[in-house]
Amino acid sequence: MTISLNQVGKRYNHDWIFRRFTHTLSGTGGFAILGPNGSGKSTLLQIISGHHHHSEGQIEYFFNDQLLPQDQFFRNCAIVAPYLEVVEELTLEECFGFHLQFKSFLPGFKPREIAGIVGLDGAWQKQVRHFSSGMKQRARLALAIFSDVRALLLDEPCTNLDAAGIALYQQLIAEYGGNRLIIVSSNDPAEYSFCKEQIRISDYK
Ligand SMILES: Nc1ncnc2c1ncn2[C@@H]1O[C@H](COP(=O)(O)OP(=O)(O)OP(=O)(O)O)[C@@H](O)[C@H]1O
């Protein structure tokens, strides 16, 4: 998977959040989008994912050297972000079943097994609204990392995780992230230290 951003900028009203962002994000090893609060890291990730439109520039997605339409990229990526809610009314079992209507899990993995790997086996029949914030984050990570997709977009992936949860995140990335394009928006080295390249969004003002 390759994502090519050429002179991309985002403006809210009269304020430019970033401008002239040009990068090719490709291959394995991870890319970290870094910058202080309010600098535009989440905005950039949401533009890449297609949740927001950019104000100028071009973004292109390629898979096996073929240009992908935006909606095809969406099928090939999974996102973890604090603003993307897991459906509160569903149990974890129902939540995984709902997810499977749109995306498959990595070959060989069953939903219940995935819940166990992320420490949520005991919450299988529990409604998500009764999850703690850290449990919800583990569910988000499970749904994304175990999805059979070519790109992972991770916005502050360790939000609300305790030390064991952070260690779990790092282990999951090491075990299952390897052959995929990973983009992490973060201020926390625990979330992005595995990344081969660090990009400072504040360089694009
Ligand atoms: N819908 C919106 N309308 C106007 N301004 C917005 C909107 N969404 C975001 N912004 C502004 O865009 C800027 C970048 O926000 P963004 O959430 O991308 O920052 P961030 O780098 O991810 O910050 P943090 O580290 O705090 O998560 C901020 O100044 C924010 O106020």
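This is a predicted model: local features need pLDDT of at least 70, side-chain atom pairs count only at pLDDT 80 or more; totals for chains, interfaces and linings use all residues.

Which strands does helix 1 lie across, and at what angle does it run to strand 1? Numbering starts from 1 along each chain, as its sequence is written.

**Stop 1: helix 1**

Select residues 41–49. Helix 1 lies across strand 1, strand 2 and strand 4, and runs at about 125° to strand 1. Helices (H or I, at least four residues) and strands (E, at least two) are DSSP runs, numbered from the N terminus. Axes are lines fitted to C-alpha atoms, for helices over the stretch in contact, and angles run from 0 to 180 degrees between N-to-C directions. Contact between two residues requires C-beta atoms, placed from the backbone, within 7 Å.

Is helix 1 mostly covered or mostly open? Mostly covered: eight of its nine residues are buried, among them Lys 41, Leu 44 and Ile 47. Buried takes 20 or more other C-beta atoms within 10 Å of a residue's own, exposed 12 or fewer, and partly exposed is in between, with C-beta atoms placed from the backbone. Step just past the helix to Gly 50, where phi is positive, about 95°.

**Stop 2: the ligand**

Now show the ligand and what surrounds it: Tyr 12, Ile 17, Gly 35, Asn 37, Gly 38, Ser 39, Gly 40, Lys 41, Ser 42, Thr 43 and Asn 187. To be near it, a residue needs its C-beta atom, placed from the backbone, within 6 Å. Helix 1 supplies the largest share of this shell, three residues. By class, the shell has two nonpolar, eight polar and one charged residues. Here Ala, Val, Leu, Ile, Met, Phe, Trp, Tyr, Cys and Pro count as nonpolar, Asp, Glu, Lys and Arg as charged, and the others, Gly among them, as polar.

**Stop 3**

Four of them make an open sheet in the order 2-1-4-5, with antiparallel pairing; strands pair if DSSP finds at least two bridges between them. At the edges are strand 2 (15–26) and strand 5, each pairing on one side only. On average, neighbouring strands are turned by 30° against each other, direction ignored.

Walk across the sheet:

- Strand 1 and strand 2 share eight bridges; pick Lys 10 and you'll find Phe 18 of strand 2 opposite.
- Strand 1 (residues 2–12) and strand 4 (residues 56–63) share six bridges, with Leu 5 partnered by Ile 59.
- Strand 4 and strand 5 (residues 66–68) share three bridges, with Phe 63 partnered by Gln 66.

Zoom in on the hairpin of strand 4 and strand 5: two residues sit between the strands, and Asn 64 has a positive phi near 50°.

**Stop 3: a helix pair**

Select 133–145 and 163–176, which are helix 5 and helix 6; their axes come within 11 Å and cross at roughly 0°. The two helices are therefore roughly parallel, a label for angles under 35 degrees. Show Gly 134, Arg 138, Leu 141 and Ile 145 of helix 5 against Gly 165, Tyr 169, Leu 172 and Tyr 176 of helix 6 to see the contact. By class, that contact has five nonpolar, two polar and one charged residues.

**Last stop: Gly 97**

Pick Gly 97 in helix 3 (residues 92–100). Gly 97 counts as exposed because it has 12 C-beta neighbours inside 10 Å. Pro 111 is 14 residues from Gly 97 in sequence and 8.1 Å away in space, C-alpha to C-alpha.

Technical notes:
Angles under 35 degrees count as roughly parallel, over 145 as roughly antiparallel, 65 to 115 as roughly perpendicular and the rest as oblique.
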